Amino acid sequence: MKAVIKPSKAEGTVFAPPSKSMAHRMLICAGLSKDKSIVKGIAPSQDVLATLDCLEALGAVYKYEKDSVEITGIDIDQIKKGGSKTVLNCRECGSTLRFFIPIALLAGTEIEFRGSSTLMSRPLSVYEEICAQKGYLFKRDDGKIIVKGELDSGEYTVKGNISSQFISGLLFALPNLSGDSYIKLIPPVESRSYIDMTIQALKEFGVDALWQDDYTIFIKGNQKYAGKNVSVEGDYSNAAFFEALNLAGGSVEVKGLKKDSLQGDRVYSEYFDMIRKGNAVLDISNCPDLGPVLFTAAAICGGAKFTGTDRLKIKESDRGECMRRELSKFGIEVTCGDNNIVVHGGKIVKPKENLSGHNDHRIVMALAVLLTVTGGVIDGAQAVRKSFPDFFDRLRDLKVEVETDGMDK
């Protein structure tokens, strides 16, 4: 699908979409309670729908109306009774896959994970090592992942500089066990804010996980998730694309963001200011999802250097390399190192060829911001459905001239 964007000055007010990261967490906590819960502020992104698919496959019952999900959760004992293999389809969502593997290991029965070929090839070494140590089954087979085991309480040692999603997955599962558990993180710890978001969601549903020190989380055993009525806060990571329109000459106000949010991506406003001032050197190890929009900001404002970029290689695409290719079409040079990326200064020119979205929602949105300056076409624009299906409608509301070919089919 194509998105054709004409040079436009974005103007107006926009409300931030609900946080996809917190939506995942609240839905999973609700799904692990036998009680009924209502989670308000749910956008129908492909990633959130993947989490709902997996909860339903494990036995949760939900009803989705407007922006609310009413859900009655899983009875783990029923899953343990065995029978036919349970299949969890994670679509293209890395969060869903990594969150649900420890939950699947509560069942003690064989559970199969499916998803896109890109997702099924993403690294899962933390869980592979745990399964090998504990004698659980973990098998990659013909584009599928199969696990079987009965998770033990106890001590889990995990590197702190891998995806926080592994740690969150353990945090969802371990409170259900009869014994106490500890997660010990090997420093340095990256994306701590996402771990804190998981702990916050657990607390909302009556489950405690406590930092004992900077590198140790204590999880008391035999806890029960309680049904709750909750609302999902606004999403800083997607709000950043609208704020970036101001760097491109727009006049946009973003509302609906929680000022004391734990979201690590809330730093985007501070980072935009630093980029605007020039000669910025920014560490994005704790906010890797901001990478594409920060690279766009740097292209507009004369360049910047970014460190802590190694995890961008294993997102929906190799985000550093893909943005290098696309920014080169605007006449902007980008240098990608092992753990750093430099966006060099230069004059932005209108691309002479179509841009590629690389099947990556954040790349599509970042390029859309830049095209409000020059105009142009993005191929593969449907990738926004993964996290923000009405993104282009929101741009139109801000007076950006956008035509989409088949986006709604």
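Student: What is Phe100 in contact with, leaving aside its neighbours within four places in sequence?

Tutor: Phe100 is in contact with Ile28, Thr51, Cys54, Leu55, Leu58, Leu88 and Phe113. Contact means heavy atoms within 4.5 Å. This is a predicted model, where local features need pLDDT of at least 70 and side-chain atom pairs count only at pLDDT 80 or more, while totals for chains, interfaces and linings use all residues. Residues are numbered from 1 along each chain as its sequence is written, and side-chain values use heavy atoms, with hydrogens and water left out.

Student: Which residues touch the most other members of the largest nonpolar core?

Tutor: Phe100, Phe113, Leu171 and Ile183 do, in a core of 75 residues. A nonpolar core is a set of buried Ala, Val, Leu, Ile, Met, Phe, Trp, Tyr and Cys residues joined through side-chain atoms within 4.5 Å. Helix H1 (residues 20–31) gives the largest share, seven residues. Another core, of 63 residues, lies apart from it and includes Ile5 and Leu355.

Student: Why is Leu32 called buried?

Tutor: Its relative accessible area is 8%. Buried means under 20%, exposed over 50%, and partly exposed in between (1.4 Å probe, protein chains only). So Leu32 counts as buried. Leu32 sits in the loop between H1 and strand E3 (36–40). Not counting residues up to four places away in sequence, Leu32 touches Ile74, Ile103, Phe172, Asn176 and Tyr225.

Student: What do the buried residues of H8 pack against?

Tutor: They pack against H1, helix H7 (164–173), strand E11 (181–186), strand E12 (209–213) and strand E13 (216–219). Among these buried residues are Tyr194, Ile195 and Leu202.

Student: What makes E12 an edge strand?

Tutor: The open sheet has the order E10-E11-E13-E12, with mixed pairing. Strand E10 (155–159) and E12 each have a single partner strand, so one side of each is left without a neighbour in the sheet. Two strands pair if DSSP finds at least two bridges between them. E12 and E13 have four, and run antiparallel. One of the partners is Ile219 in E13, bridged to Ala209.

Student: Why are helix H9 (residues 236–247) and helix H11 (residues 291–301) called roughly parallel?

Tutor: Their axes come within 10 Å and cross at roughly 0°. Axes are lines fitted to C-alpha atoms, for helices over the stretch in contact, and angles run from 0 to 180 degrees between N-to-C directions. Under 35 degrees counts as roughly parallel, over 145 as roughly antiparallel, 65 to 115 as roughly perpendicular and the rest as oblique. H9 and H11 are therefore roughly parallel. Ala240, Phe241, Ala244 and Leu247 in H9 meet Val293, Ala297, Ile300 and Cys301 in H11.

Technical notes:
Helices (H or I, at least four residues) and strands (E, at least two) are DSSP runs, numbered from the N terminus.
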